[in-house]
Each structure stands twice: as C-alpha cells, then as structure tokens.
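Reader: I am new to this structure and would like to learn how to read its features one by one. Could you show me the model and start with a pair of charged side chains?

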Amino acid sequence: MSAQQEDGCWPRVTAASLASGNLAGTIVSLVGKVQSADGAGRWRVQSADGGTVSVENAHDEPAPPPTSIVEIMGCVKDDGRSLDFFVSRNLGDDFDEATYCEMIALQADPKYQEMFGVAAAMARIP
C-alpha cells in the first residue's frame, strides 16, 4: 500500500476483490466461514462471495465451527491473495452473506464514495 492507511479504516473485501492482487500490505476485513484449520495457524476460509482465501498466523485462535460466519481482520500478504491474521469475531449462523456482498458492491461503486469512502468515514468522526 503506497499511502498511510487511516487507523480504524479498512476495506471490506471478498475473495473476488482480493483476486485483483493490488491490496498487498493493506489491513482488511473478510467475512466468511472457516472451512478448515490445519492446527499450525492456517485457515482455509470460504468468503461471503463463495471464493476461498488462505488466512495465516491464527496460532492462538481456535477455529470457529464450520457453520459460523466470522469476520477476520488481517493484513493482505505480499501475494495479494491471502491474509496475515490479526483478530476475528463470530457473526453467528444467520448472517446474510448475499446482502453483505451487495453492500460490498455498493461500497466499491464510485457513485457512492461520498457515502462509503474513507473521507466520508473520517468526516463523521467528531
């Protein structure tokens, strides 16, 4: 990432948006289900859009049940397609992934940057 990322402001991503490969070094939020954990800190996550993302360095974090949807915050690794784990939180079993993906699409649309962009988020902070 070329510019300094604002504290507390990170893009919400899906496997498809990571596939661009241009988010290396960026702190992001990924929503999905942990499909597998290898016991060595690596998770295979099915993103809300159905794609797969590798999450590494989740050593001290127990993998959630496969039916639970989680939000994972992490830094996009140099390969631009996997995450270095920071923290996760369980969003439950009834989180609507389709609606979430629609929201991600709206946030990415330049038409709505005044509403969802980093500048808009910073303007709302007193």
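Author: A salt bridge is counted when a side-chain nitrogen of Lys or Arg lies within 4 Å of a carboxyl oxygen of Asp or Glu. Here the side chains of Arg-42 and Asp-38 meet in such a bridge, with 2.8 Å from N to O. Please keep in mind that this is a predicted model, in which local features need pLDDT of at least 70 and side-chain atom pairs count only at pLDDT 80 or more, while totals for chains, interfaces and linings use all residues. Residues are numbered from 1 along each chain as its sequence is written, and side-chain values use heavy atoms, with hydrogens and water left out.

Reader: How many salt bridges does the structure hold, and which parts of the chain do Arg-12 and Glu-71 tie together?

Author: The structure holds 4 salt bridges. To place them we need the elements, which are DSSP runs numbered from the N terminus: helices (H or I) have at least four residues and strands (E) at least two. Arg-12 and Glu-71 meet through their side chains at 3.0 Å, N to O; Arg-12 lies in strand E1 (residues 12-13) and Glu-71 in strand E5, so this pair ties together parts that are 59 residues apart in sequence. Arg-12 is partly exposed, with a relative accessible area of 32%, whereas Glu-71 is buried, with 2%.

Reader: Where in the chain do Lys-77 and Glu-56 lie?

Author: Lys-77 forms a salt bridge with Glu-56, and the closest N and O atoms are 3.6 Å apart. This pair links distant parts of the chain, with Lys-77 in the loop between E5 and E6 and Glu-56 in strand E4, 21 residues apart. Lys-77 counts as partly exposed at 25% relative accessibility, and Glu-56 is likewise partly exposed at 25%. Salt bridges can also share partners, and in this way Arg-12, Glu-71 and Arg-89 are joined into one network.

Reader: What order do the elements of the protein chain follow from the N terminus on?

Author: The protein chain has 4 helices and 6 strands, and from the N terminus on they run β-α-β-β-β-β-β-α-α-α. Of its 126 residues, 33% count as buried.

Reader: Which residues touch the most other members of the largest nonpolar core?

Author: A nonpolar core is a set of buried Ala, Val, Leu, Ile, Met, Phe, Trp, Tyr and Cys residues joined through side-chain atoms within 4.5 Å. The largest one here has 17 residues, of which Leu-18, Trp-43, Val-45, Val-55, Ile-72 and Leu-83 touch the most other members. At least two residues of this core come from each of helix H1 (15-18), strand E2 (27-37), E3, strand E4 (52-56), strand E5 (69-76) and E6. A second, separate core has 5 residues, including Ala-48, Ile-69, Tyr-100 and Ile-104.

Reader: How many aromatic pairs are found in the whole structure?

Author: Rings of Phe, Tyr and Trp (its six-membered ring) pair if their centres lie within 6.5 Å; planes under 30 degrees apart count as stacked, over 60 as edge-to-face and the rest as tilted. A search of the whole structure finds 2 aromatic pairs. Trp-43 and Phe-85 form an edge-to-face pair, with 5.4 Å centre to centre and 65° between the planes. Trp-43 lies in strand E3 (residues 43-47) and Phe-85 in strand E6 (residues 82-92), so the pair ties together parts that are 42 residues apart in sequence. Both Trp-43 and Phe-85 are buried.

Reader: Which residues does Ser-68 touch, leaving out those up to four places away in sequence?

Author: Contact means heavy atoms within 4.5 Å. Ser-68, in the loop between E4 and E5, touches Gly-32, Lys-33, Asn-90, Gly-92 and Asp-93, not counting residues up to four places away in sequence. Ser-68 and Asp-93 are 25 residues apart in sequence and 4.8 Å apart in space, C-alpha to C-alpha. Ser-68 counts as buried because its relative accessibility is 6%.

Technical notes
Buried < 20%, exposed > 50% of the residue type's maximum accessible area, 1.4 Å probe, protein only.
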